[in-house]
Amino acid sequence: MQKIGISSMTVNLKYSELVKLYSSNFLTNIYLKIKFRPGNLISEVEEYVPEKGMILDVGCGIGYFDNYLFLTSNERKIYGIDYDEKRINLAKKSLTEQSEKNIKFELKNVLDFKEEKFDCIIIYDVIHHLNFMQLSSLIKKISNCLKNEGILLIKDIEPDNKFKIIFSYFIDYT
């Protein structure tokens, strides 16, 4: 797959649009600033997501990455699932009149997910929450949900980076 390349100016513009979606939550704004700081992988991961098609985001959290994907291509149909009701509610509140046509957020455990076929499945900063058995079950489940030529994207935090681990824990459990 050829890399498209998204300029830092484009990422900054999309970041500005994202902040507006979550403007009422101070902690979320700090989280987004850290996620969208120069050198982060967000735009690099996005380059591998098909510009159109059905996208499943496993562990979508507050939906910031799904909103970013929509802002970079409104031809994507994005389905974000998470088992945390608080996060899903924040994600749903972030939807606009335009984005709610392309993005759906649902409170759901991926293991209870009915098998549909997706062009791309994303597991972004989720793996560090799972033990081996959970990860094994997750991989088996999503392998049945990916189209034959589909793309599986897995990105997780670095286990040796103590700051990221502590920050992730703080965000996840506060």
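This is a predicted model: local features need pLDDT of at least 70, side-chain atom pairs count only at pLDDT 80 or more; totals for chains, interfaces and linings use all residues.
Residues are numbered from 1 along each chain as its sequence is written, and side-chain values use heavy atoms, with hydrogens and water left out.

Next, the helix. Phe-65 and Tyr-68 both sit in α4, three residues apart, about one turn of the helix (helices are DSSP runs of H or I, at least four residues, and strands are runs of E, at least two, numbered from the N terminus). An α-helix has 3.6 residues a turn, so residues three or four places apart point the same way. I checked the cover on α4 (residues 64-72): seven of its nine residues are buried, Leu-69 and Phe-70 among them.

Then I looked for ring pairs. How many aromatic pairs does a search of the whole structure find? It finds three (rings of Phe, Tyr and Trp, the last by its six-membered ring, pair if their centres lie within 6.5 Å; planes under 30 degrees apart are stacked, over 60 edge-to-face, the rest tilted). Tyr-64 and Tyr-124 have ring centres 6.5 Å apart and planes at 85 degrees, so I logged the pair as edge-to-face. Tyr-64 is in α4 and Tyr-124 in strand β4 (residues 118-124), so this pair ties together parts 60 residues apart in sequence. Phe-65 and Tyr-68 are stacked, at 6.4 Å centre to centre and 25 degrees between the planes.

Conventions. Buried means under 20% relative accessible area, exposed over 50%, partly exposed in between (1.4 Å probe, protein chains only).
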